[in-house]
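Colleague: Could you walk me through the aromatic contacts in this one?
Modeller: Gladly, here it is.

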Amino acid sequence: MKFAFVNPNWDFRQSTYFGCREPHYPLELMFAQAKVREAGHAGLLVDAQLLNLSIEEAAAKVRRFAPAFLVIPSAPSYLFWRCPQPELRVPAAWMRGLGDGIGVKILVGPHASATPAAALRKTAADVVMRGEPDETIAKLADTDWSKIAGCCWREGDEYHLATDFGAANMKSLRALAFDEYPVEARSHRHHVFTGSGRGAELEFARGCPWSCTFCNKTLFRNHYREREVEQVLREIDQLMARGVDYIYFIDEIFGVGNNVRRLLEAIAERPISIGLQTRIDLWSKETLDLLGRAHCISLECGIESISNEGREELNKNCRMDTQRMMDLLIYARRHIPWVQANLVLTEKDDKSEIRRWQDKLKSQGVWVSEPVPMFPFPGSPLFWQKFHESPQDDAWEKAHEYYLSAFSQKGYSDIQEQQPAALAELEVQP
């Protein structure tokens with residue numbers, strides 16, 4: 001069997017999306033392609049965003065391959081599954097443009113996970129996979145679909161909706177080869193704002209042991225799991241041989257577990273720099289020293305709230321008080337060129353106190369975000385708090401309408417478009 005995996009050329013105009021708009025490695029498609037090949041099938045990966053391909057150009061590549069299955073994600077890269085664009089405009093357009101003559105059209109991603117029936121209807125997919133698709137996609141070729149975790153499909157007007165979710169065995173994810181991926185076409189270094197080089201994204205661990213109110217990881221990438229350190233190091237070495245000089249780890253919470261020390265000590269011996277996102281309360285001066293030796297040049301820390309009350313409201317289960325976190329952020333800046341503290345908008349924090357906290361850290365070289373308004377992503381604890389129900393077919397519409405009504409006057413984040421359109425307008429089909 002042949003499987004084609006296509007990362008669309010994403011377009012976020014008029015969206016509330018606040019993730020990075022540069023191309024990133026579509027790791028969910030890469031791992032699924034590797035598993036398809038391990039199962040004895042053929043797999044083609046087309047990264048239309050990296051290569052700046054039109055639908056027609058990507059369709060020509062897919063037609064030449066003549067796959068039985070077409071796989072398209074509903075959000076750009078695992079890195080942004082937790083903060084995706086609410087609309088399915090792009091996946092729907094690419095499914096229509098690439099799907100002619102293909103037996104089974106498959107959608108994966110956060111929309112498929114939270115609202116599978118709506119995702120099937122909006123994109124005209126034949127199958128949507130709930131949860132992580134790394135290991136489940138290959139099973140579509142030779143396994144009863146009703147026995148595949150997270151598999152949802154429709155037959156005519158009848159919908160078969162799984163209540164479980166795919167969750168990958170991270171120990172089974174061997175080193176990606178990147179042999180057919182255009183590594184050299186990529187220059188973006190995620191979350192690095194000076195200099196130049198060649199960046200890539202990798203994944204050491206998936207999931208998080210915490211359950212913060214705002215975090216959209218309940219339906220996928222939920223429980224904490226690690227890959228084998230040796231497999232990750234093999235990926236790093238392969239990418240270095242292709243000219244990559246910077247790796248950004250997409251892990252939800254880099255720094256958990258004992259094996260991260262082994263990984264960092266091995267990276268310290270290699271001429272490559274790294275970036276990551278974490279919680280500063282996981283680190284000490286000793287481990288921050290190690291992070292510096294491992295050539296970390298970008299450290300993004302979720303502080304969320306500057307008050308104990310605010311962090312409790314967000315269910316952070318924080319191990320430190322605000323002053324200790326501030327001290328560690330300043331200490332980290334001695335070793336790491338870019339240290340960032342992220343805040344979210346909460347009623348528990350006084351605006352003048354936030355400003356003083358920001359000014360003090362900025363005076364020490366630590367960048368602090370403006371408090372970001374929280375989007376109640378379907379499946380997140382915040383969605384439950386706002387709507388007192390599990391996600392139904394109209395969950396994205398509810399969340400989007402709430403977000404626009406709540407923040408159109410207060411203002412959106414400085415990294416968002418300031419005049420986003422309504423979801424129905426974004427998803428209208430030509």
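**Aromatic contacts**

Modeller: Both Trp81 and Phe220 are buried, where buried means under 20% relative accessible area, exposed over 50% and partly exposed in between, with a 1.4 Å probe and protein chains only. This is a predicted model, in which local features need pLDDT of at least 70 and side-chain atom pairs count only at pLDDT 80 or more, while totals for chains, interfaces and linings use all residues. Residues are numbered from 1 along each chain as its sequence is written, and side-chain values use heavy atoms, with hydrogens and water left out.

Colleague: How many aromatic pairs does the structure hold?
Modeller: The structure holds 19 aromatic pairs, counting rings of Phe, Tyr and Trp (its six-membered ring) whose centres lie within 6.5 Å, with planes under 30 degrees apart counted as stacked, over 60 as edge-to-face and the rest as tilted. In the pair of Tyr17 and Phe80, the centres are 6.1 Å apart and the planes at 75°, so this pair is edge-to-face.

Colleague: Is Tyr17 buried or exposed? And what about Phe80?
Modeller: Tyr17 is buried, with a relative accessible area of 1%, and Phe80 is buried as well, at 6%.

Colleague: Which residues form one aromatic cluster?
Modeller: Trp10, Phe12, Tyr17 and Phe80 form one such cluster.

Colleague: Changing topic, which ring does the charged end of Arg221 sit over?
Modeller: The charged end of Arg221 sits over the ring of Tyr78, 4.6 Å from its centre; the criterion is NZ of Lys or CZ of Arg within 6 Å of the ring centre and within 35 degrees of the ring normal. Lys2 lies over the face of Phe65, at 5.2 Å from the ring centre.
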